[in-house]
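Trainee: Before we look at the details, please show me the model and take me through how its features are read.

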Amino acid sequence: MKNITLSVEEEVLAAVRQYAAERNSSVNALVREFLGNLAAHRDRARRARRRLQQLSRQSQGELGARTWTRQDLHER
């Protein structure tokens, strides 16, 4: 595990310390969890895009001719 150094405003740190204490946690644990979730989200999004591209290539569906205009879609 690597150590990192962060700079935050005192008011932010005080609020986060209180938030962490209310949850029986630490600022370090909150930051570690946040960064882990961020990395996992990016990985899930990347896998989803790859899967969507794969399904698109395998699809045998075809698009028909466009029979509408932008104006048609926005008419009220």
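**Reading the model**

Mentor: Start with the surface: the accessible surface of the chain is about 7,900 Å², and carbon and sulfur atoms hold 50% of that. Such areas come from the Shrake-Rupley method with a 1.4 Å probe, and for residues only the protein chains shown count as cover. This is a predicted model, in which local features need pLDDT of at least 70 and side-chain atom pairs count only at pLDDT 80 or more, while totals for chains, interfaces and linings use all residues. Residues are numbered from 1 along each chain as its sequence is written, and side-chain values use heavy atoms, with hydrogens and water left out.

Trainee: What average pLDDT does the chain have?

Mentor: pLDDT is the predictor's confidence in each residue, from 0 to 100. The chain averages 91, and 99% of the residues score at least 70.

Trainee: How many helices and strands does the chain have?

Mentor: Both are DSSP runs numbered from the N terminus: helices are H or I with at least four residues, strands are E with at least two. Here there are three helices and zero strands, in the order α-α-α along the sequence. The radius of gyration, taken over C-alpha atoms, is compared with a globule rule of 2.2 Å times the number of residues to the power 0.38. For 76 residues that rule gives 11 Å, and the chain has 23 Å, well over it, so the chain is more spread out than a compact globule. Along the principal axes, the C-alpha trace spans about 60 × 40 × 25 Å.

Trainee: What share of the residues counts as buried?

Mentor: Buried means under 20% relative accessible area, exposed over 50%, and partly exposed in between (1.4 Å probe, protein chains only). Of the 76 residues, 3% count as buried. In helix α2, Arg 51 is partly exposed at 42%. Gln 71, in helix α3, is exposed at 59%.

Trainee: What volume does the largest pocket have?

Mentor: On a 1 Å grid over the protein atoms alone, a pocket is an open set of points with protein on both sides within 12 Å along at least five of seven lines, and lining residues have an atom within 4 Å of a point. The volume is the space filled by probe spheres set on the points, which are joined across faces, edges and corners. The largest pocket has about 460 Å³. Of its 15 lining residues, Ile 4, Leu 6, Val 27, Asn 28 and Val 31 are the closest to its centre. Helices α1 (10-22) and α2 (27-58) are the elements that give two or more residues to this lining, and α2 supplies the largest share, five residues.

Conventions: On a 1 Å grid over the protein atoms alone, a cavity is a set of points where a 1.4 Å probe fits but cannot get out, and a pocket is an open set with protein on both sides within 12 Å along at least five of seven lines; lining residues have an atom within 4 Å of a point.
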